[in-house]
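Visitor: Please take me through one part of this model in close detail. Then connect that part to whatever else can be said about the fold and the ligand.

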Amino acid sequence: MNPPPKLTPEARAAALAKAAASRRFRADIKAQVKTGQMSVRKVLDLAASNEFVGKMRVSALLESLPGVGKIRAQVLMEKMGISFTRRLQGLGKHQVSQLLAEFDAVAQGLKRGKLLVLSGPGGVGKSTVAHRLREVSDFWVSISATTRKSRPNEIEGVDYYFLSDEQFDEKIAHDEFLEWAQFAGARYGTPRMGVETALRSGKNVLLEIEVDGAFQVKRHTSEAVLIFLQPPSWEHLVSRLENRGSDTPERRAHRLELAQSEMASAKDFDLILVNDEVENVVSRLVSLAIH
Ligand code: 5GP
């Protein structure tokens, strides 16, 4: 192999300046993608004629898209057969059309989002999965209404909308719930409007609800995919429920009983996922929304 050419100090300075300009240019493009000012189509067009943009990594472009985090970018690239280090200038024709189909359709509102319903026994870790999914993807995670009292660490409008019995009754009367159910002495319901608006605008939606509610959703909306989150073992679930400091012993016993009957309905779900690792479950949910 030939040794690299010796650069004069001027040539080295010029090369460094060019590299810095190229990085700045790409950072600017990514910022515009992030705020929605520049579309994927526009960036791909630019990549064909502009050397700086051509050198941008596909992963960097996808991760700059609003709500597309590292995990979704990785899953999408894998599905499209794009290696993780690929640059825009190295994309094949077919890969470019796959990227456009994925992102342009969403931008035009032509593609409805997917509705995933995550259910399973209390204490299995559904809400941890839902929180993590919200952090790493563009899933729209529904916030339920409930008549139960808020726990010390819960925030109104973030964890739940805490309602009185009368307020809950009123929402039922106005048909504002996609589903609602009684659970451990309180009522829980999914506000219909947010879910429908999100799906219509192409967003993938996650509902984290108990099993009765999940079956109601499936009856009304056959597009819903019902996922049952299972603990690695029954003992595992028992120890999680027993360690819940916020419950009284009677309430814990009641929850265990409920968990037992909930576990029996796993067979009626579209899919069972074992909650061995939160990150694994989150990746499976993200890829379910893509396939
Ligand atoms: P927790 O009181 O522990 O927050 O929730 C109790 C159960 O209610 C959990 O299984 C949770 O998934 C479920 N849940 C939360 N929101 C809803 C909802 O909107 N509808 C239904 N059917 N269940 C819900």
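Guide: Not counting residues up to four places away in sequence, Leu115 touches Val195, Leu199, Val205, Leu207, Val217, Thr221, Glu223, Ala224 and Val225. Contact here means heavy atoms within 4.5 Å. This is a predicted model: local features need pLDDT of at least 70, side-chain atom pairs count only at pLDDT 80 or more, and totals for chains, interfaces and linings use all residues. Residues are numbered from 1 along each chain as its sequence is written, and side-chain values use heavy atoms, with hydrogens and water left out.

Leu115 sits in strand S1 (residues 115-119). Strands (E, at least two residues) and helices (H or I, at least four) are DSSP runs, numbered from the N terminus. Leu115 is buried, at 1% relative accessible area. Buried means under 20%, exposed over 50%, partly exposed in between (1.4 Å probe, protein chains only). Glu135 is 20 residues from Leu115 in sequence, and their C-alpha atoms are 18 Å apart.

Now the cores. A nonpolar core is a set of buried Ala, Val, Leu, Ile, Met, Phe, Trp, Tyr and Cys residues joined through side-chain atoms within 4.5 Å. The largest has 48 residues, and Leu88, Leu99, Leu206 and Leu285 have the most contacts inside it. Helix H13 (residues 278-290) gives the largest share, 6 residues. Domain 1 (12-107) and domain 2 (115-290) both contribute, so this core lies between them. The domain bounds come from an automatic or database domain assignment. A second, separate core has 17 residues, including Val117, Ala214, Val217 and Leu226. Val217 is also one of the residues that Leu115 touches.

Next, Glu102. Glu102 lies in helix H6 (residues 93-107). Glu102 is buried, at 8% relative accessible area. Its side chain makes a polar contact with that of Arg72 (3.2 Å). A polar contact is a pair of N or O atoms within 3.5 Å; within protein, one must be able to donate a hydrogen and the other to accept it, and residues adjacent in sequence count only if both atoms are side-chain atoms.

Last, the ligand. Of the 17 residues around the ligand, Ser144, Arg148, Tyr160, Tyr188 and Glu208 come nearest. Here a residue counts if one of its heavy atoms lies within 4 Å. A ligand nitrogen is 2.7 Å from an N or O atom in the Glu179 side chain. A ligand oxygen is 3.2 Å from an N or O atom in the Arg151 side chain.
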